Amino acid sequence: MTEAEKFAEMTKDELIKILDRLQDEKKEQAKKDNASVYERLSKVDVSKFVDKKNGLNYLSWAKAWGLVKSIFPDASYKLREYPYYTQTADGNYQQIGTHDYLRTEYGVEVEASVTIKGETYSSKLYVMDFHNRALDPKKVTYFEINKTQMRALTKALAFAGLGLNIYAGEDLPSSDEKTPQRKERVTEQELIEKAEKARKSKTQYGGGNELVTDIVGLEIDGDKQANAFLNQWCEKDQKNKNLYKFIIKNQLATHGMKVGA
């Protein structure tokens, strides 16, 4: 009896069971494929391809993409296209095309995605300054947009497993099959102690030894000199940058400072 004859003699319920089994097998195979993507990429040692900038490790998009293509030749990536509208004479809006970025009142957003073995990984980023704050959308250039798109691509590849250890602050990928333990959360008392230490931290500024929280307060209030100083100060030492971020995150900046007072 041929396969066609066998199927012809089956009941509807028997056919449904076969289709369900095939679907389950397909899903199971997809899970295995996706797991193999992460398992393979997460174990790639990217340390020889890592560069340093401002004391931090980073993997360039070109090197990251080259590594992925060498392992999965069929991998592809794309940048999200956002609809672009213009206002017509009657006051309505009409789509006239697309842009590979979205300019909003809060900043400029981009998104990159990579597809490997049928699974898509994506990352969305805003165009940001040195302090990881969204840049004024009116002042963002396409050069900055393009750089952010490539950063989004590299981060999407990290979601797929490549160089994820860099984002975790580690030098090498883990060869241990066990899931790494999360670092314990900072206790309330430890946070209070860190905040108190941050409030007392000083640095040379404006001819005197000033509180960092005061200088950050000046920057928030729009002082260009304070902004320029903090940019350079954060570039000098990663500890300075960490302190700056802690002050901003926990709203410790103080206001009303007069330099030299």
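Why is helix H7 (residues 212-220) largely enclosed by the rest of the structure? Of its 9 residues, 8 are buried, so the rest of the structure largely encloses helix H7. Buried means under 20% relative accessible area, exposed means over 50%, and partly exposed lies in between (1.4 Å probe, protein chains only).

## About the model

This is a predicted model: local features need pLDDT of at least 70, side-chain atom pairs count only at pLDDT 80 or more, and totals for chains, interfaces and linings use all residues. Residues are numbered from 1 along each chain as its sequence is written, and side-chain values use heavy atoms, with hydrogens and water left out.

Helices (H or I, at least four residues) and strands (E, at least two) are DSSP runs, numbered from the N terminus.

Which residues of H7 are buried? They are Val212, Thr213, Asp214, Ile215, Val216, Gly217, Leu218 and Glu219. Just after H7 comes Gly222, with a positive phi of about 100°.

Helix H8 covers residues 224-236. The axes of H7 and H8 come within 8 Å and cross at roughly 125°. Axes here are lines fitted to C-alpha atoms, for helices over the stretch in contact, and angles run from 0 to 180 degrees between N-to-C directions. H7 and H8 are therefore oblique to each other. Angles under 35 degrees count as roughly parallel, over 145 as roughly antiparallel, 65 to 115 as roughly perpendicular, and the rest as oblique. The crossing of H7 and H8 is left-handed. That term applies if the near helix is turned anticlockwise from the far one by less than a right angle; clockwise makes a crossing right-handed.

## Salt bridges

How many salt bridges does the structure hold? It holds 7. A salt bridge is a side-chain nitrogen of Lys or Arg within 4 Å of a carboxyl oxygen of Asp or Glu. Side chains of opposite charge can pair when their charged atoms come close.

One of the salt bridges joins Arg133 to Glu219, with the closest N and O atoms 3.4 Å apart. Arg133 sits in the loop between strand E8 (119-126) and helix H4 (142-159), and Glu219 in helix H7, so the pair ties together parts 86 residues apart in sequence. Glu219 has 7%, so it is buried.

Lys63 forms a salt bridge with Asp51, and their closest N and O atoms are 3.2 Å apart. Lys63 belongs to helix H3 (residues 61-71) and Asp51 to strand E1 (residues 50-53), so this pair ties together parts that are 12 residues apart in sequence. Lys63, at 33% relative accessibility, counts as partly exposed. So does Asp51, at 26%.

Arg80 and Glu111 also meet through their side chains in a salt bridge (3.0 Å, N to O). Arg80 lies in the loop between strand E3 (76-79) and strand E4 (82-87), while Glu111 lies in strand E7 (residues 108-116), so the pair ties together parts 31 residues apart in sequence. Arg80 counts as partly exposed at 37% relative accessibility. Glu111 counts as buried at 16%.

Tyr121 has its place in strand E8. Its relative accessibility is 13%, so Tyr121 counts as buried. Tyr121 and Gly161 are 40 residues apart in sequence and 10.0 Å apart in space, C-alpha to C-alpha.

Tyr38 is found in helix H2 (residues 12-42). At 39% relative accessibility, Tyr38 counts as partly exposed.

Most residues other than glycine have a negative phi, and most peptide bonds are trans. Lys117 is not a glycine, yet its phi is positive, at about 50°. Lys117 lies in the loop between E7 and E8. It counts as partly exposed at 45% relative accessibility.

Gln251 is a residue other than glycine, and its phi is also a positive value, near 55°. Where is Gln251 placed? It is in the segment after helix H9 (238-249). Gln251 is exposed, with a relative accessible area of 72%.
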